[in-house]
Amino acid sequence: MSVENKKGFNVTFYLLIVPVLLWLVILIVLPHIDLFISSFQVENDAGEKVFSFDNYLAFFRQKIYWLTFVKTAAYAIGVTILAFVITFPIAFYLTKVTSKKNASFLVLLLLIPLWVGELVTVYGWMVLLGDHGIINHFLMTLGIIDKPLNLLYTNLSMVIGLLYMSMLFMVVPVMSTLESLDDSLIEAASDLGASKFTIFRRIIIPYAMPGIVSGAIIVFMLVIGDYLAPNILGGKSSLWFTEQIYNEFLQTFNWNEGAAFGFLLLMLSSGIIWLALKLSGQKLEKVGS
Amino acid sequence: MANILEVKNVSKYFGDFAAVKDVNFVVEEGGFFSILGSSGCGKTTLLRMIAGFLHETEGDIIIRGNSMKGIPPEKRPVNIVFQTLALFPMMDVKENVAFGLQRQKLGKPEIQKRVNEMLGRVGLEGFEDKKVTELSGGQRQRVAIARSLVMKPEILLLDEPLGALDRKLREHMKVELKLLQKEIGTTFIYITHDQSEALVMSDKIAVMHQGKFEQIDTPRNLYKNPKTAFVAGFVGDSNRFELAQSDGKQLVTKAGWKINKIHEGNPDVLYIRPEALILNPSSSGDAIETFSVTIKTILFDGSNTKLSTVVDDSDEELLISLPQNAEFENLQEGDTIQVGIHQDDLKCY
């Protein structure tokens, strides 16, 4: 009996684990190994691939590369912070203030932009922000301005686009931690003499920290790896590191350089997330659950 | 002793529903006052009004002579221990206890001194740096009480804080809470649905039913002389009989049991406590009424063992406490036995 049971368990176990392993190895591990190897290769005059650090050295020699790199990192952090500032009150309202029934309807409304895809929402923002777009038209009709504001193809429009497509991914994890927050914790703090601000800073934020950090990781990853919003809304003036990678692969066809850039971006985002986890005192396992 | 809390004509309406109806009471300084009632009777609403989380629709709450109208919870000289305890999970024990003192902007050494002193009082020395999630139920309980008491409140409000504990621990904490209250002398207002908690710990108990106070009295009086039928039925165990008629000298139940009792008016119900009945009464003195019953079953429950009997010459069933001593060891089902009761122990309403 017990032998059969054990055998049965093993078959099920392997059936479940195999797709996961296949997925990991074929779609994630192998391509990364290939990319890693090719990032250390250059073609010599004879057209043969030889080992070299040139791809990485090129990054540091060309100012535009690492400037873009730093800008991408800084903007991604900024957008993540903005996403938190904007969505935390929304998440708090949805979980603690309004009724359950209202909340589920409002969450559905929040999800609408996801239904149409990023490309459509990005074009939607172009309609809003363009020189002859809705916002400029509105401001000019009211007589507040007499010349259209230059809104589109700026860093501002890029940040708006990045925020819009990533914000929701902050709301959901924060909401799920706030949902488990017992209201009597807030009442107890107030009973012990805490002001609203103190309750927010000492009770609510620390309690929601795992959700905030996991939301921040998702938003940060989405933003730092996004291509559409910087490319379309940011125009020529805003450089984003993914655009550099795109250029290496598809414009100059220097795949080795592109692979090196890809690895640099991976290391950058992993490094920043590691730092953020350390600073917020959170554990990856706790945030991931 | 001076009254520390006065609740004057307080009512609370949620829409048309009256959760608390015209409640009046005073609590003496240093007293242990319990509000006893089943769930939904309005006791939590009343407590939350005293704490300041809800506002009374009518009436006034006065603490040490000052009206609490419009004063928010953080400014009231009361602290509350929540049913869920509401310990802050992201803080350790000493941070939990220090939270309120930090809000008062006290100096660090002063805070540390008071926290340590309070943790010592509740028997939690050495637990300062433990996470609250690592503590047992009883320890968490003590942290919650310490966190409130360290604020030196005029009144400590306790909202069924023993509800989540298992039976053994609850029995233990009952005694401990009572001793703690005696020792520190803070006024406690304790709400519970558990009559044993209220009876053991309180100096005064208010029995609450459908938003109203039925009776405010000492535990002994509440048990001995319940003023209303609800209190008689709610506090302690009772046999309940519907009365058919009465002539001032004799009560007659609907099933035809007749028993002598001098009474006034036209009562509807009769309550008899199982422990008020005397088996094989030696004398049928002036006020002792005697009658015979037949034993149906013996419900053995240790010290709480009862006889389920039928009163002879009627169909009325009567539960009688059976003392666990040698005298009654040989009682069998089907036996007939003489029973006596003092007229004062026949409570009719």
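**Labels and their grounds**

Author: The centres of domain 1 of chain B and domain 2 of chain B, taken over C-alpha atoms, are separated by 39 Å. This is a predicted model, in which local features need pLDDT of at least 70 and side-chain atom pairs count only at pLDDT 80 or more, while totals for chains, interfaces and linings use all residues. Residues are numbered from 1 along each chain as its sequence is written, and chains are lettered from A and ligands numbered from 1 in the order in which they are written.

Reader: How do you know where domain 1 and domain 2 of chain B are?

Author: The bounds come from an automatic or database domain assignment, which for chain B gives domain 1 as 3-232 and domain 2 as 237-348. Taken along the principal axes, the C-alpha atoms of chain B fill a box of roughly 75 × 45 × 35 Å.

Reader: Which strands of chain B form the open sheet of four strands, and why do some of them count as edges?

Author: The sheet has the order E2-E1-E4-E5 in chain B, with antiparallel pairing. Strand E2 (17-28) and strand E5 (66-67) of chain B each have a single partner strand, so one side of each is left without a neighbour in the sheet, and they stand at the edges. Strands of a sheet pair through backbone hydrogen bonds, either parallel or antiparallel. Helix H1 (residues 43-51) of chain B lies across E1, E2 and strand E4 (58-63) of chain B, and runs at about 60° to E2(B); axes here are lines fitted to C-alpha atoms, for helices over the stretch in contact, with angles running from 0 to 180 degrees between N-to-C directions.

Reader: How do you know that strand E1 of chain B and E2(B) pair?

Author: Two strands pair if DSSP finds at least two bridges between them. Strand E1 (residues 3-14) of chain B and E2(B) have eight bridges in the antiparallel sense, so they meet that condition. Within this pairing, Lys12(B) stands opposite Val20(B) in E2(B).

Reader: What is the sense of the pairing between E6(B) and strand E7 of chain B?

Author: E6(B) and strand E7 (residues 155-159) of chain B run parallel and are joined by four bridges. Asn79(B) stands opposite Leu156(B) in E7(B). From strand E6 (residues 78-81) of chain B, Val78(B) and Ile80(B) point one way and Asn79(B) and Val81(B) the other way, and all are buried.

Reader: Why is Asn24(B) called exposed?

Author: A residue is buried if 20 or more other C-beta atoms, placed from the backbone, lie within 10 Å of its own, exposed if 12 or fewer, and partly exposed in between. Asn24(B), found in strand E2 of chain B, has 12 C-beta neighbours inside 10 Å and therefore counts as exposed. Asn24(B) touches Val7(B), Lys8(B) and Asn9(B), leaving aside residues up to four places away in sequence, where contact requires C-beta atoms, placed from the backbone, within 7 Å.

Reader: Is Asp22(B) exposed or partly exposed, and what about Asn280(B)?

Author: Asp22(B), which also lies in strand E2 of chain B, has 14 other C-beta atoms within 10 Å and is therefore partly exposed. Asn280(B), in the loop between strand E15 (278-279) and strand E16 (288-299) of chain B, has 11 other C-beta atoms within 10 Å and is therefore exposed. Neither is a glycine, yet phi is positive, at about 50° for Asp22(B) and about 45° for Asn280(B).

Reader: What makes a set of residues a nonpolar core, and which residues touch the most other members of the largest one?

Author: A nonpolar core is a set of buried Ala, Val, Leu, Ile, Met, Phe, Trp, Tyr and Cys residues joined through C-beta atoms within 7 Å. In the largest, of 136 residues, those touching the most other members are Val174(A), Ile50(B), Val97(B), Ala146(B), Leu157(B) and Val207(B). The largest share of this core, 13 residues, comes from H10(A).

Key
Helices (H or I, at least four residues) and strands (E, at least two) are DSSP runs, numbered from the N terminus. Two residues are in contact if their C-beta atoms, placed from the backbone, lie within 7 Å.
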